Amino acid sequence: MKRTFLLTVSVMLTIAGQAQMRIETDSYTPDPAPVVSGKTLYVFTGHDMDTATYFRMPDWQLFSTRDMKHWKNHGVVMTTATFQWARQGDNAWASQAIERNGKWYWYVAAEDNTNHLHGIGVAVADRPEGPWTDPIGKPLIPGNWGYIDPTVFIDDDGQAYLFWGNNGCWYAKLNEDMISIDTSFANQGICDMRSMLDDEAQFGPRVMKQDYQYNKKMLKTNFEEAPWIYKIGDTYFLEYAAGGVPEHWAYSTAKSIHGPWHYEGRITDEAPGSFTIHGGTIRFRGKNYLFYHDGIPSGGNGFRRSTAILKFKRQKDGRIPKITLPQNK
Ligand code: FUB
């Protein structure tokens with residue numbers, strides 16, 4: 001299918017009457033991670049290859065808007081070449097970037113060449129467009145089972161946290177430099193949330209699903225992957241892909257970032273045409289938006305995913321209503 005290079009926003013009405021926005025671009029845009037800086041909303045995404053029949057992801061892309069109507073395509077702004085310790089040309093998985101003290105920090109999942117498992121890398125730049133460099137020359141979090149999908153958050157007291165995980169969730173305190181972790185915290189700097197994830201009151205009903213480490217079906221936590229952490233008032237929100245595959249989008253809340261969490265339920269059902277859904281909500285110009293990806297533009301190829309955006313209203317206490325996803329273009 002020929003798609004236009006011109007960036008426009010296509011608006012379509014869903015059955016529920018919600019307007020879906022899509023960044024139209026010539027490339028696929030999985031794993032959207034929106035971030036607001038001043039009057040601009042940036043969306044960092046991954047990049048599924050046009051011919052992908054399995055995950056084929058060589059680099060990361062950037063888009064921006066000031067009005068949610070007109071988009072600028074900054075193109076590929078970082079590749080695996082930034083990370084000498086990583087597998088080159090593939091496995092550039094989900095990411096999130098954040099601004100602090102005039103610098104930008106971009107946390108990415110990439111394959112650690114020492115053990116061929118994903119780990120978390122960090123890149124730094126003066127502006128989202130880059131150039132991005134690796135300030136430490138090694139993974140910030142070395143490769144391990146489930147170590148993908150970093151999400152970053154700076155709390156009101158200035159303490160920054162990095163969460164990540166697939167079929168497990170881990171978090172670390174980032175030092176003020178944002179490129180190292182506080183090794184005095186938890187177990188050599190990493191807190192393992194898996195016992196919390198197993199608690200249905202905190203993360204929802206357990207489900208039977210494939211365990212790739214042990215290569216068998218197991219009753220596992222509802223939490224699948226793609227944590228998205230933020231705070232509204234004194235409540236911490238943790239959104240995540242849930243339910244095994246195909247994934248839906250769900251969330252839990254807590255009064256402390258260290259838990260206990262309270263399972264709040266589904267935000268959406270499964271993304272059409274995609275067994276993954278990776279995304280996150282954000283507030284921009286006084287409105288709330290859900291970013292996620294689906295497989296509608298590729299005709300249902302779950303390895304060729306595109307960012308979709310829906311506007312929604314939060315309840316007075318910040319809670320998120322169930323959002324209906326459009327099922328076709
Ligand atoms: O895009 C590669 C992986 O698929 C991401 O890291 C997961 O969240 C899922 O979207």
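In the predicted model, an oxygen atom of the ligand is 2.8 Å from an N or O atom in the side chain of R305, a polar contact (a pair of N or O atoms within 3.5 Å). An oxygen atom of the ligand also lies 2.5 Å from a side-chain N or O atom of D31, and a polar side-chain atom of D149 is 2.5 Å from a ligand oxygen. The protein covers 99% of the 270 Å² of accessible area that the ligand has on its own (Shrake-Rupley method, 1.4 Å probe). Residues around the ligand, with a heavy atom within 4 Å of it, include F55, W93, E225 and H278.

This is a predicted model, in which local features need pLDDT of at least 70, side-chain atom pairs count only at pLDDT 80 or more, and totals for chains, interfaces and linings use all residues. Residues are numbered from 1 along each chain as its sequence is written, and side-chain values use heavy atoms, with hydrogens and water left out.

The largest nonpolar core has 21 residues. Such a core is a set of buried Ala, Val, Leu, Ile, Met, Phe, Trp, Tyr and Cys residues joined through side-chain atoms within 4.5 Å, where buried means under 20% relative accessible area (1.4 Å probe, protein chains only). β17 gives the most to this core, with four residues; strands are DSSP runs (E, at least two residues) numbered from the N terminus. F163 is among the residues with the most contacts inside the core. Leaving aside residues up to four places away in sequence, F163 touches D149, W170, M193 and L238, among others, a contact being heavy atoms within 4.5 Å.

Definitions and conventions: Buried < 20%, exposed > 50% of the residue type's maximum accessible area, 1.4 Å probe, protein only. Polar contact = N/O pair within 3.5 Å; in protein donor to acceptor, adjacent residues only side chain to side chain.
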